[in-house]
Amino acid sequence: MHTIFGCFPSFSIPAAAVLLVLSTGAHAQNFPITPVQQATAAQAAQTGVALADLMPNAPDSYVVKPGDTLWAISGMFLKSPWRWPELWGMNMQDIRNPHRIYPGQQLYLDKRSGRAILRMGQAGGGGESISTVRVSPRTRVETLGDASIPTLAPQAIEPFLAEPLIVDELTFSRAPRIVATQEGRVLLSRGDRAYAMGAYAGVAGGKPLLDAKGDPLDYRVFRNAVALKDPTTQEILGYEAKYLGKAELVRGESNIQSPDRDGKLQVEGVPATIDIVASKEEMRVGDRLIPEPPRELRSYVPRAPSSPLSGQIVSVYGNAIVNASENQIVVINRGTSNGVERGHVMAILKDGERLTDKTDAARPNIKLPNERNGLLMVFRTFDRLSYALVLQVTDSVKIGDRFINPN
């Protein structure tokens, strides 16, 4: 944020020029546009979008507001928000980059040709009106950040990125652990000091916690690596560790020599000293430490997968949660090895109930058809598992429900 002070003579400039200055002055978002999205947008640019693909209550015009997202605006005009490349393609001449749409810009639908075309400016065919903004001496505050609207509201995902972790069983078993507390405390919370060790006696693979240059000092604390199993095959696909909080390494592990009862020198390990700097839940002896990864600021561009994808929901994230609703997190049984990418949108299918046909004297078992239940978007991937955000849902989502390509 920077502030401009000064006294300037009063003068008038067109509002469009003000928008141009604000738009070009910010750092433009440079998020990727895939060849498939480019081709889809180019097709829409040539033919427009069928009126049947519009939302029944799609507005004739809309002014972009602070806090809007491309997903929300796309859902306002189109029945399927993940088809945002078509929204962009309706007006590629004015919207050069779909990731650079700014508050104050006006969008309106032109349906005169029998197909929908999205335009910018004022509806009514007169082009964009030029209003006047009078600039008088005053203090003005402008942001140095990018003013363009995000593709998806980041607050729905960012808090979650610091929490769960999927690891293999061996990695978790070798992770440094809390071995002792001050004054024999049972539970630890923010502000408490504890002691941890990374080396394991007689076990290969564990590394001491050291505070040497280049070694990590910030750690996340986890507990209970729970097996995540494929709902159908029951194969273990990975282990999800429960996030508890954060710790800072104050002093590394060391060794000292001290005499035993017979006067012989023996080597004793001195645990590392850690301070608990954040706690979501109370911690205790035995909890594990994983180095804090670099912070990632990513764009999650919703899009349909380019090839067929299908699978099942493995778990719902959170304590004692059986069913998921909108804006909750689920784990799916597909990952990077299956071609899953961040931003992939899939349709959720509610698993059809299995029951006995009582209308048939033989009482055969039947399964009701799977019904489409909403949309989810992948935002974090691992080898065989991925985390996804439930974007839309008509009924609760449960473990075992399936997902397929949205189109």
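Which side chains meet in a salt bridge at 2.4 Å, N to O?

What we have here is a predicted model, where local features need pLDDT of at least 70 and side-chain atom pairs count only at pLDDT 80 or more, while totals for chains, interfaces and linings use all residues. Residues are numbered from 1 along each chain as its sequence is written, and side-chain values use heavy atoms, with hydrogens and water left out.

Back to the opening question. The partners are Glu235 and Arg384. By salt bridge I mean a side-chain nitrogen of Lys or Arg within 4 Å of a carboxyl oxygen of Asp or Glu. This pair links distant parts of the chain, 149 residues apart: Glu235 is in the loop between β12 and β13, and Arg384 is in the loop between β24 and β25. For the strand names, DSSP runs are numbered from the N terminus (helices are H or I, at least four residues; strands are E, at least two). Glu235 counts as partly exposed because its relative accessibility is 39%, and Arg384 counts as partly exposed at 30%. The cut-offs, with a 1.4 Å probe and protein chains only, are under 20% relative accessible area for buried, over 50% for exposed, and partly exposed in between.

A search of the whole structure finds 14 salt bridges. Another of them joins Glu292 and Lys246, at 3.8 Å, N to O. Glu292 lies in the loop between β17 (288–291) and β18 (310–316), and Lys246 in strand β13, so this pair ties together parts that are 46 residues apart in sequence. Both ends are partly exposed: Glu292 has 26% relative accessibility, and Lys246 has a relative accessible area of 26%.

Now for the strands. A closed barrel of six strands runs β18-β20-β25-β24-β21-β27, with antiparallel pairing. Two strands pair if DSSP finds at least two bridges between them. Neighbouring strands of this sheet are turned by 45° against each other on average, direction ignored; the axes are lines fitted to C-alpha atoms. Val345 stands opposite Met377 in β24.

Which residues have the most contacts inside the largest nonpolar core? Phe379 and Tyr387 do, in a core of 29 residues. A core here is a set of buried Ala, Val, Leu, Ile, Met, Phe, Trp, Tyr and Cys residues joined through side-chain atoms within 4.5 Å. Among the elements giving two or more residues to this core are β12 (218–229), β13 (236–251), β24 (371–381) and β25 (386–393).

Arg380 is found in strand β24 and is buried, with a relative accessible area of 14%. Arg223 has its place in strand β12 and is buried too, with a relative accessible area of 8%. The side chain of Arg223 makes a polar contact with that of Asp287 at 2.8 Å. That term means a pair of N or O atoms within 3.5 Å; within protein, one must be able to donate a hydrogen and the other to accept it, and residues adjacent in sequence count only if both atoms are side-chain atoms.

Conventions. Axes are lines fitted to C-alpha atoms, for helices over the stretch in contact, and angles run from 0 to 180 degrees between N-to-C directions.
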